Amino acid sequence: MSGLTADQRSQYDDKGYVLLEAIFQPQELKGLIDEINNSVDQIAKSYYANESIRSKYEDHGFDTRLMKIIEDAPDAYDALVGSVLMGPELFKILSHSRLIDIVEGIVGPEVHCEGRHRLRPKLPNYGVADFRWHEDTAYAAKRITYVQQQYGLGDEDPRAGGRFMSRIVAAPQMAEPNFWIPLVPVNEENGCLHVLPGGHKHTPPYENQWEPNKFLPELDYLEPVVIPMKVGDALLMHQHVPHVSPPNQSNGVRWSVDIRYQDGTRPVKSIREPGFLARSQERPQDVVTDHQGYQQIRNAVAEFREKSGIRF
Ligand SMILES: O=C(O)CCC(=O)C(=O)O
């Protein structure tokens with residue numbers, strides 16, 4: 001196991017992020033890019049067959065084709081964004097030993113890959129793909145509050161204190177390293193991330209963090225840094241480090257994948273989107289080793305949700 005160097009580890013602890021330059025050879029990401037291109041091609045064909053788009057835009061490549069499709073059919077965005085895609089190439093990255101070695105050094109030998117991995121085609125000036133200053137765990141906590149309100153699980157509701165909610169609510173207190181991996185070169189123009197080094201040491205500013213371009217007063221003395229990246233780099237972020245994703249002002253799609261991990265012995269955070277055990281000394285037989293195995297878990301949860309009517 002290699003993991004982080006001592007310097008990288010101290011930067012992760014002190015600043016809350018580490019830019020891992022050339023952690024992949026660009027060829028190692030080519031399979032994933034091809035897999036995404038195939039999905040875009042299938043979307044183009046089915047939308048064209050339904051006459052929802054004017055052309056299949058076959059003369060456009062990875063950096064512009066989805067943008068052209070979405071100009072005609074905005075709902076095509078949802079066909080690919082988030083964790084919809086699950087192919088062998090994406091699974092290879094989610095379970096890549098170079099990433100898992102690093103995670104193991106942070107969370108311990110039981111490594112769970114969270115289901116909230118995201119493929120993000122960030123389109124030019126496309127509001128839903130822009131993220132104000134936030135930290136990932138606080139963001140998840142806001143969602144929990146929302147889920148509680150939405151489904152009437154108020155403080156008095158016995159289910160709110162029960163196994164289901166406590167499994168989720170317990171989760172924010174644990175380490176959840178996040179890798180943000182660009183699939184095209186990223187810079188200020190096309191919406192690379194900015195982070196607030198050291199901001200992870202503060203109490204999460206749950207309520208006010210959504211103000212655009214504004215930090216809480218106690219964070220004002222911290223200087224944000226812009227993180228341009230090449231294909232092959234990965235940005236490792238602490239779950240509490242504030243980061244922002246400003247608008248993409250280029251003429252192409254800014255593609256990236258982000259992946260979160262946690263200690264596999266702790267309650268899992270995302271239930272609706274199940275993750276998988278990526279490495280284990282205690283339960284090696286439960287480690288998921290291919291995308292079909294992972295897809296079975298995802299299908300089983302989706303089926304349970306559908307049949308039970310329980311909206312978790
Ligand atoms: O990919 C982006 O633009 C934003 C990602 C982000 O904010 C996150 O992963 O928490």
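User: Among contacts in the protein between residues at least 6 apart in sequence, what percentage join residues at least 24 apart?

Analyst: The model is a predicted one, and the protein in it has eight helices and eleven strands. Of its 312 residues, 33% count as buried. Among the contacts between residues at least 6 apart in sequence, the share that joins residues at least 24 apart is 82%.

User: Do the buried residues of helix 3 lie on the same side or on opposite sides of the helix, and what do they pack against?

Analyst: The buried residues of helix 3, which spans residues 65-72, are Arg 65, Leu 66, Ile 69 and Ile 70. Because these residues cover an arc of only 130 degrees around the axis, they lie on the same side of helix 3. The elements against which the buried residues of helix 3 pack are helix 2 and strand 3.

User: Is Tyr 57 buried or exposed, and which residues does Tyr 57 touch, not counting those up to four places away in sequence?

Analyst: Tyr 57 is found in the loop between helix 2 and helix 3, and it counts as buried because it has 20 C-beta neighbours inside 10 Å. Tyr 57 and Lys 68 are eleven residues apart in sequence, while their C-alpha atoms are 7.0 Å apart in space. Ile 69, for its part, has Tyr 57 among its contacts, together with residues including Ile 43 and Ala 76. Not counting residues up to four places away in sequence, the residues that Tyr 57 touches are Ala 44, Arg 65, Lys 68 and Ile 69.

User: Is Glu 51 buried or exposed?

Analyst: Most residues other than glycine have a negative phi. Glu 51, although it is not a glycine, has a positive phi of about 60 degrees, and its place is in the loop between helix 2 and helix 3. Because Glu 51 has 8 C-beta neighbours inside 10 Å, it counts as exposed.

User: Which strands stand at the edges of the open sheet of four strands?

Analyst: The open sheet has the strand order 4-9-6-7, with antiparallel pairing. Strand 6 and strand 7 pair over two bridges, and the bridge partner of His 194 in strand 7 is Val 226. One side of each edge strand is left without a neighbour in the sheet, because each has a single partner strand, and these edge strands are strand 4 and strand 7.

User: Which residues surround the ligand, and which strands each supply at least two residues of the shell?

Analyst: By residue class, the shell around the ligand divides into two nonpolar, three polar and four charged residues. Its members are Arg 120, Lys 122, Phe 131, Asp 136, Trp 180, His 243, Ser 245, Ser 256 and Asp 258. The strands that each supply at least two residues of this shell are strand 3, strand 9 and strand 10.

User: With which residues is Leu 183 in contact, leaving aside its neighbours within four places in sequence?

Analyst: Leu 183 lies in the loop between strand 5 and strand 6, and it is buried because 23 other C-beta atoms lie within 10 Å. Leu 183 and Gly 232 are 49 residues apart in sequence, yet 7.8 Å apart in space from C-alpha to C-alpha. Leaving aside neighbours within four places in sequence, the contacts of Leu 183 are Leu 29, Leu 32, Ile 33, Val 231, Trp 255, Ser 256 and Val 257.

User: Which residue follows helix 5?

Analyst: In helix 5, residues 97-107, the buried residues are Leu 99, Ile 102, Val 103, Glu 104, Ile 106 and Val 107. What covers them includes strand 2, strand 5, strand 8, strand 10 and strand 11. The residue that follows helix 5 has a positive phi, near 105 degrees, and is Gly 108.

Key
Residues are numbered from 1 along each chain as its sequence is written. This is a predicted model: local features need pLDDT of at least 70, side-chain atom pairs count only at pLDDT 80 or more; totals for chains, interfaces and linings use all residues. A residue is buried if 20 or more other C-beta atoms lie within 10 Å of its own, exposed if 12 or fewer, and partly exposed in between; C-beta atoms are placed from the backbone. Two residues are in contact if their C-beta atoms, placed from the backbone, lie within 7 Å. A residue is near a molecule or strand if its C-beta atom, placed from the backbone, lies within 6 Å of it. Ala, Val, Leu, Ile, Met, Phe, Trp, Tyr, Cys and Pro count as nonpolar, Asp, Glu, Lys and Arg as charged, and the others, Gly among them, as polar. Two strands pair if DSSP finds at least two bridges between them. The arc is that of the directions from the helix axis to the C-beta atoms.
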